[in-house]
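User: I would like to go through the labels used for this model and see what each of them rests on. Please keep to the values and the cut-offs.

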Amino acid sequence: MRRLLELRVPPVVLTLVAASLMWLLDRVTAGFEWTLQYRAIGAVTLFIGGIAVAIAAVREFRAARTTVNPLQPAAASSMVRSGIYRHTRNPMYLGLLLVLAAWSVWLASPAAV
C-alpha cells in the first residue's frame, strides 16, 4: 500500500480499477455463478452502508477543517477522532471496501470475490 501511495494513485481510482478487474473476471468465468437468493438486497445494503460510512468520514474531516486527500498528508491541520473515527481508524477506506463488497455480491461470481 505504501508503494501505491508513492505512485500517487488516489484510493477512489484504485477502487475503480479493482471493480473493473472484478467485472472482467466475472465475464471471463461467465459460467460460474453463485445463486444468491437475496442478491440485490444484499448488494444495495452493502452499497448504501459503504456510501454512508464514507460520507460520515468526509463530514467529520470537513467539520475539523482538514484535508480528505490521503496523498497530501502535509495539508492535514488536525487529527480527527470524533464521529465515525471513534469506531474505525479508516472509515473512508472501509466505505470503499463495502462498495467493492456490494459489487462482488451483485456480480455473484466466485472469481470476482
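Analyst: One label comes before the others: this is a predicted model.

User: What makes α2 roughly parallel to α4?

Analyst: The angle between α2 and α4 is about 15°, with the axes 10 Å apart. The cut-off for roughly parallel is under 35 degrees, and therefore α2 is roughly parallel to α4. The crossing of α2 and α4 is right-handed.

User: Which elements make up the secondary structure of the protein?

Analyst: The protein has four helices and zero strands. Along the sequence the pattern reads α-α-α-α. The C-alpha trace spans about 50 × 30 × 15 Å along the principal axes of the protein.

User: How do you know that the charged end of R39 sits over the ring of W106?

Analyst: The distance from the charged end of R39 to the centre of the W106 ring is 5.2 Å. The distance cut-off is within 6 Å of the ring centre, for CZ in the case of Arg. The label also needs a position within 35 degrees of the ring normal. R39 is listed as sitting over the ring of W106.

User: How many aromatic pairs does the structure hold, and what makes two rings a pair?

Analyst: The structure holds one aromatic pair. Rings of Phe, Tyr and Trp pair if their centres lie within 6.5 Å. A pair is described by the distance of the centres and the angle of the planes.

User: Turning to accessibility, what makes P10 partly exposed?

Analyst: P10 has 34% relative accessibility. Buried means under 20% and exposed means over 50%, with partly exposed in between, so P10 counts as partly exposed. P10 is placed in the loop between α1 (2-6) and α2 (11-28). P10 and L71 are 61 residues apart in sequence, while their C-alpha atoms are 7.1 Å apart in space.

User: Is Y85 buried or exposed, and how do you know?

Analyst: Y85 has 13% relative accessibility. The cut-off for buried is under 20%, so Y85 counts as buried. Y85 lies in the loop between α3 and α4. From Y85 to F61 the C-alpha distance is 9.8 Å, at 24 residues apart in sequence. For the protein as a whole, buried residues make up 25% of the 113 residues.

User: Why is R89 called exposed?

Analyst: R89 has 74% relative accessibility, and the cut-off for exposed is over 50%, so R89 counts as exposed. The place of R89 is also given as the loop between α3 and α4. R89 and R62 are 27 residues apart along the chain, with C-alpha atoms separated by 17 Å.

User: What makes L16 exposed?

Analyst: L16 is found in helix α2. Its relative accessibility is 53%. With the cut-off for exposed at over 50%, L16 counts as exposed.

User: What is stated about the phi of R65 and of A108, and is each residue buried or exposed?

Analyst: R65 has a phi near 55°, a positive value in a residue other than glycine. A108 has a positive phi of about 55° and is not a glycine either. R65 lies in the loop between α3 and α4, and A108 in the segment after α4. The relative accessible area of R65 is 73%, over the 50% cut-off, so R65 is exposed. The relative accessible area of A108 is 0%, under the 20% cut-off, so A108 is buried.

Key. Residues are numbered from 1 along each chain as its sequence is written. This is a predicted model: local features need pLDDT of at least 70, side-chain atom pairs count only at pLDDT 80 or more; totals for chains, interfaces and linings use all residues. Side-chain values use heavy atoms; hydrogens and water are left out. Rings of Phe, Tyr and Trp (its six-membered ring) pair if their centres lie within 6.5 Å; planes under 30 degrees apart count as stacked, over 60 as edge-to-face and the rest as tilted. Helices (H or I, at least four residues) and strands (E, at least two) are DSSP runs, numbered from the N terminus. Buried means under 20% relative accessible area, exposed over 50%, partly exposed in between (1.4 Å probe, protein chains only). Axes are lines fitted to C-alpha atoms, for helices over the stretch in contact, and angles run from 0 to 180 degrees between N-to-C directions. Angles under 35 degrees count as roughly parallel, over 145 as roughly antiparallel, 65 to 115 as roughly perpendicular and the rest as oblique. A crossing is left-handed if the near helix is turned anticlockwise from the far one by less than a right angle, and right-handed if clockwise.
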